[in-house]
Amino acid sequence: MDMERPRPARLLGHLACTAAAAFAAVAVLYLILLAKLVLTDGPGRVCGIDSCPRGTGSLALLAPLCAAAAWLLWRTSRKRRRGRVPVPVRVIAGCAALAATVPGWLGFEHARGPHMDLSGWQQAVHPAAAPVGVWAPERGMLVRARTDGLVAYDGEGRRGWRLPAPERTPLCALSRTTPSGIGLLTYGESPGACGSQVVAVDLADGHVAWTRDAGRALVAVAGASAVVADRDSVTGLDLQSGAERWRVPIPADCTVKAVDGSEQHALYVEECGDSARITAVDSRTGNRAWQTALPTASRLREVRVLSAVPPVVRVMESTERGMDAVLLFDAGGRLRGFVPASGPAGDLLSEPSPVLTGDLMITPVKEGEKNGVSAYSLIDGRRVWHAGVGDEVVRGLAPTGPGEVGVVTSDRRRTYLSRHGLADGRRRAEPAVLRDLPLGERFTFYPGPPGSYVFVNLDRKGLLPPTFDIDPVFGW
């Protein structure tokens, strides 16, 4: 009779029926997701062992297992019960099937790993002009420089103030830092004359605080001084008004190759014939604090000041066997270590630019055929840790949070963003797949609201979105 109490065998049959429905629902879900990964996300609508999207292998294994479990449970159910499945059991089985898709989906997200996608972007600015650089004066604000001027963007990616470059006078260089909310830029009248005019810009609203004519000047901000280095002298100007505060003459046989500054000191590197030296002067008075000869023996092909505190300089001589290294100085100007650009530990790559934070320099390296990221001590130059990325190419580095650095890498099919701890270089989470981003060859990026990032394209063609935001993907 239908109203009599079910026997244990009948009850087990109903439980098996419910479990079969749950496994069948998960199997169908995984088959749909597997088809989506292979046919939509896979390269060329077909993929192999090494090219399928992450999580494909897990779904390919779990989908038939769940289907087999559903079939076995259904057969068990038919043997344990008699007749048709009662309506209440069908309702319970349907609810169980729907409920099972929730842990099934969570399992898929775990197997697939984190993904990030576009959440907002700026349309490309026309006509195209070559990007020069970017300032990030405060969290959430960006100022992007092109040869035709400056454009500011707020924390939500909206375009703010603009400062066009004078007609026929392209913007050509920026100060590395903007500690007081004022940035220095230089214009050039011709391709070989960058620095013919120096301009101080208040980054709050984009108004020009002052201008100064110069001759191929290099600029930096040091405390409350604007440091302008041209052919004859290094001059300190009041950052707010442009009034001259101090001047240091440069010998006739010397040329300033790089300039930078901190709150206390202005730094500049001079080349005098086949020798070179780095000098620090007081940012308020121009009095010399220290001067140190660089360990070079020929003319310089390239010199870059990577940091003013502590002083860190990348030096490359012009001769084939000349020095190519990152030199490390202490607060008194004494050379306390160096990191060779080539050595047993690998070769330092020039792009993307290294990140200096705390007592570490994090830089892309190449070890034979493999790529990676290494951290070097700014105290003595020893390698603190190395994180290999295999065949992937390191494309971007940036601080992304307390005690961590973000690394953007690409292989032939996909681009990834991983976060590494500064203490040991270990990944803090599985790398996030960056989906179909309009990413140029050169770019920089910054952390945005929690879990999101802001990218700034510096591609020479200028045809891509100047900035765009990415957020975690919730869904498929």
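I'm working with a predicted model, so local features need pLDDT of at least 70 and side-chain atom pairs pLDDT 80 or more, while totals for chains, interfaces and linings use all residues. Residues are numbered from 1 along each chain as its sequence is written, and side-chain values use heavy atoms, with hydrogens and water left out.

**Rings.** I paired rings of Phe, Tyr and Trp (its six-membered ring) with centres within 6.5 Å, calling planes under 30 degrees apart stacked, over 60 edge-to-face and the rest tilted. That gave me five aromatic pairs. One of them is Phe443 with Phe455, tilted, at 5.7 Å centre to centre and 45 degrees between the planes. Phe443 sits in strand β31 (residues 443–447) and Phe455 in strand β32 (residues 453–457), so this pair ties together parts twelve residues apart in sequence. Strands here are DSSP E runs of at least two residues, numbered from the N terminus.

I checked burial next (buried is under 20% relative accessible area, 1.4 Å probe, protein chains only). Phe443 is buried at 9%, and Phe455 is buried at 0%. Phe455 also stacks with Phe468, at 5.4 Å and 0 degrees. Phe468 belongs to strand β33 (residues 467–472), 13 residues from Phe455. Ring pairs join Phe443, Phe445, Phe455 and Phe468 into a cluster.

**Cavity.** I searched a 1 Å grid over the protein atoms alone for sets of points where a 1.4 Å probe fits but cannot get out; lining residues have an atom within 4 Å of a point. I found one cavity of 30 Å³ or more. Its lining includes Arg304, Leu306 and Met361.

Key
Helices (H or I, at least four residues) and strands (E, at least two) are DSSP runs, numbered from the N terminus. Buried means under 20% relative accessible area, exposed over 50%, partly exposed in between (1.4 Å probe, protein chains only). On a 1 Å grid over the protein atoms alone, a cavity is a set of points where a 1.4 Å probe fits but cannot get out, and a pocket is an open set with protein on both sides within 12 Å along at least five of seven lines; lining residues have an atom within 4 Å of a point. Grid points are joined across faces, edges and corners, and a volume is the space filled by probe spheres set on the points.
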